[in-house]
Amino acid sequence: MAYRLLGSAADAEDTVQDAFLRWQAADRTYVDVPEAWLTKIVTNLALDRLRSAKARHERAVGTWMPEPLLDGDPMLGPADTVEQRESVTLAVLAMMERLSPVERAVYVLHEAFAYRHAEIADILDLTVSASQQHLHRARTRITVARNNTGTDPGSARRIVEAFVDAASSGRTERLIALLTDDATGISDGFGGRAAKLISYATPQRLARAIQAGFTPTPAKRRLAGGTPSIHAAVVNGCPAIVFTTDDRVLGVAILEIRDNKIATTRSIAAPHRLTRLAQHWHRGDHETTLISSW
């Protein structure tokens, strides 16, 4: 719940730790339903973080991106329904930046955890009608295709193989053929060094940037600290490419699919955004190497 509200695994872990400390200090004789008590505490602690000056600044200056998580990470659960799976895609986490903190909380509680409006009203100290209005506004702002969730490893590998093959072919038309007519991309730059997020507003610009990124050069290898390998994976429910060298995760590119084509790419390389993903990557066995020596 904290991850869905904050879009950051690190902030979610801190929020849950704060909630646990409050649980330890609480007089539990007055806690009738522990789950409801903990939900309220976690939700309101997350809202306090979203309202903080630090969070507002990070999100306002154009450098904030959701923190990606590898398939199987327990922080992505529950994932039994379309709404639950959709709520942890980077597309939805990014779109929730359009919402006020309260709208965000109502949307997550209702859509991802099936809380009724009466329960949400109690958690957030709202009226039932206010909860309903917040949900309506949130749904209006969050518009995302529902066919981009639930990618299995086999499908992800096929999509990523086609993408990597086209990107490294040097033929722009092959890559554009894989993109939707309105495809866009966003990146935090090579090594996550961009001062602001870099956006690619058309398929043509996106294709050129992708091809440039997939062209190996000695300078890129020096910056990477070695010769990277390229792997297929599933990240936040979407096909993804993971770039590694030796024991380090250098970056990840998430491919969001619509109508069997790539609608959005999100490339993330800043180390602080990849901490948890890298930890889970190192624990797994990866047989899906696409390019072992780039």
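This is a predicted model: local features need pLDDT of at least 70, side-chain atom pairs count only at pLDDT 80 or more; totals for chains, interfaces and linings use all residues.

Modeller: Residues are numbered from 1 along each chain as its sequence is written, and side-chain values use heavy atoms, with hydrogens and water left out.

At least two lining residues come from each of β1 (179–187), α12 (203–213), α13 (218–224), β4 (238–245), β5 (248–258) and β6 (261–268). Such helices (H or I, at least four residues) and strands (E, at least two) are DSSP runs, numbered from the N terminus. The greatest contribution to this lining, six residues, is that of β5. By class, the lining has 23 nonpolar, eight polar and three charged residues (Ala, Val, Leu, Ile, Met, Phe, Trp, Tyr, Cys and Pro count as nonpolar, Asp, Glu, Lys and Arg as charged, and the others, Gly among them, as polar).

The packing of the helices comes next. Two packed helices are described by the angle between their axes and the distance between the axes. Helix α2 (residues 9–25) packs against helix α3 (residues 34–51) at about 130 degrees, with the axes 9 Å apart (axes are lines fitted to C-alpha atoms over the stretch in contact, and angles run from 0 to 180 degrees between N-to-C directions). The angle makes α2 oblique to α3, since under 35 degrees counts as roughly parallel, over 145 as roughly antiparallel, 65 to 115 as roughly perpendicular and the rest as oblique. The crossing of α2 and α3 is right-handed, the near helix being turned clockwise from the far one by less than a right angle. Among the α2 residues in the contact are Asp-11, Arg-22 and Trp-23, and α3 contributes residues including Trp-37, Ile-41 and Arg-49; contact means heavy atoms within 4.5 Å. The residues of this contact divide into nine nonpolar, one polar and five charged.

Helix α7 (residues 101–112) and helix α8 (residues 117–124) have axes that come within 10 Å and cross at roughly 140 degrees. That makes α7 oblique to α8, and their crossing is right-handed. Residues of α7 including Val-102, Val-106 and His-110 meet residues of α8 including His-117 and Ile-120. The contact of α7 with α8 has seven nonpolar, two polar and no charged residues.

Helix α9 (residues 128–141) also packs with α7, at about 90 degrees and with the axes 8 Å apart. The two helices, α7 and α9, are therefore roughly perpendicular to each other. Val-102, Val-106 and His-110 are among the α7 residues that meet α9. This contact has five nonpolar, three polar and five charged residues.
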